[in-house]
Amino acid sequence: MLNYTYCYLISPLHTGGTTQEGNLVGIARESHTKIPYIPSSTIRGKLRAIIPDQTTRFRLFGNELTQAEQLEQGNIWIGDGLIIWFPIPSLSHGVIWISSPFLLRRWCRGQENLLNNLPREFSNNFANGTTSVYLKDAIIPSEQLTKWDNWQDFVPSGAGINKVLILPDQHCATLIEMSLWRQVKIKLDQNKTVDGGFRYEEAIPPDTLIYFTWGTTFQANGQGNQSQQDFANLIEDNPIIQIGGQESLGRGFLQILN
């Protein structure tokens, strides 16, 4: 059984780079789409660290090599954190959250009723059909836009997302890449002059909606229900957590939506 947990980013999230080119400190990206994501180990490590009781921690997430002769798997598995809605600045409509048929389709894998009713490209809930939509450097003519009535079925409750637009897969991936948070970092010496070169650091912007799936492993054997309830309680008791890098800069705060 797949369980879905949704995370709304409160601050930029630097997930740690698998990409680093020149002076760019990148973030983790999916190998096949190049879309940013949160590695499951990042989520798992944070949630594991929150649990004070060692017995519960080992039962849910496995033991530690310092505490046993061999490592044992825990009762809970956690998937990667995947983007479902991404915020884009718009000159014509403020902030618009975009997604694509690909992103929605994989989110709907365990929800047949939604999978059979995926919206068409350029479906949206805000344009009135007479004005074009301006997204960064992209312009979508009004005649391409179509009204989307049941959009709320595809937005988890509590997210606060109110303007949504479905773009073709490639257009969506390009706009996500163009809209990542990028900050220039320099080092100043004692005279307040630049010491050395500069670097860019990437992050997933705040207001992005991400989800991860989780469930119980075969290791659970008879303890599945208890472990599932303990994990659900763990999420409910910790509605805001901080993950990823650059914690001292306030990065990585996210709200878990229940």
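This is a predicted model: local features need pLDDT of at least 70, side-chain atom pairs count only at pLDDT 80 or more; totals for chains, interfaces and linings use all residues.
**Ground rules.** I number residues from 1 along each chain as its sequence is written. Local features need pLDDT of at least 70, side-chain atom pairs count only at pLDDT 80 or more, totals for chains, interfaces and linings use all residues, and side-chain values use heavy atoms, without hydrogens and water.

**Cavity.** I searched the whole structure and found one cavity of 30 Å³ or more. (A cavity is a set of points on a 1 Å grid over the protein atoms alone where a 1.4 Å probe fits but cannot get out; lining residues have an atom within 4 Å of a point.) The volume of the largest cavity is about 50 Å³, taken as the space filled by probe spheres set on the points. I listed its lining: Cys7, Ile38, Ile43, Leu47, Ile210, Phe212, Ile241, Ile243, Leu254 and Ile256. Helix H1 (40–50), strand E14 (209–216) and strand E16 (253–257) each give two or more residues to this lining. (Helices, H or I, at least four residues, and strands, E, at least two, are DSSP runs numbered from the N terminus.) The lining has ten nonpolar residues, no polar and no charged; Cys counts as nonpolar here, as do Leu, Ile and Phe.

**Helix H5.** Which residues of H5 (169–178) are buried? I found Cys172, Leu175 and Ile176. (Buried means under 20% relative accessible area with a 1.4 Å probe, protein chains only.) These three lie on the same side of H5, because they cover an arc of only 105° around the axis. The arc uses directions from the helix axis to the C-beta atoms. Their cover includes strands E5 (82–90), E6 (94–99) and E8 (133–135), and helix H3 (101–107).

**His93.** I located His93 in the loop between E5 and E6. His93 counts as buried because its relative accessibility is 15%. Beyond neighbours within four places in sequence, His93 contacts Phe126, Thr131, Ser132, Val133 and Lys163. (Contact means heavy atoms within 4.5 Å.)

Notes
On a 1 Å grid over the protein atoms alone, a cavity is a set of points where a 1.4 Å probe fits but cannot get out, and a pocket is an open set with protein on both sides within 12 Å along at least five of seven lines; lining residues have an atom within 4 Å of a point. Buried means under 20% relative accessible area, exposed over 50%, partly exposed in between (1.4 Å probe, protein chains only).
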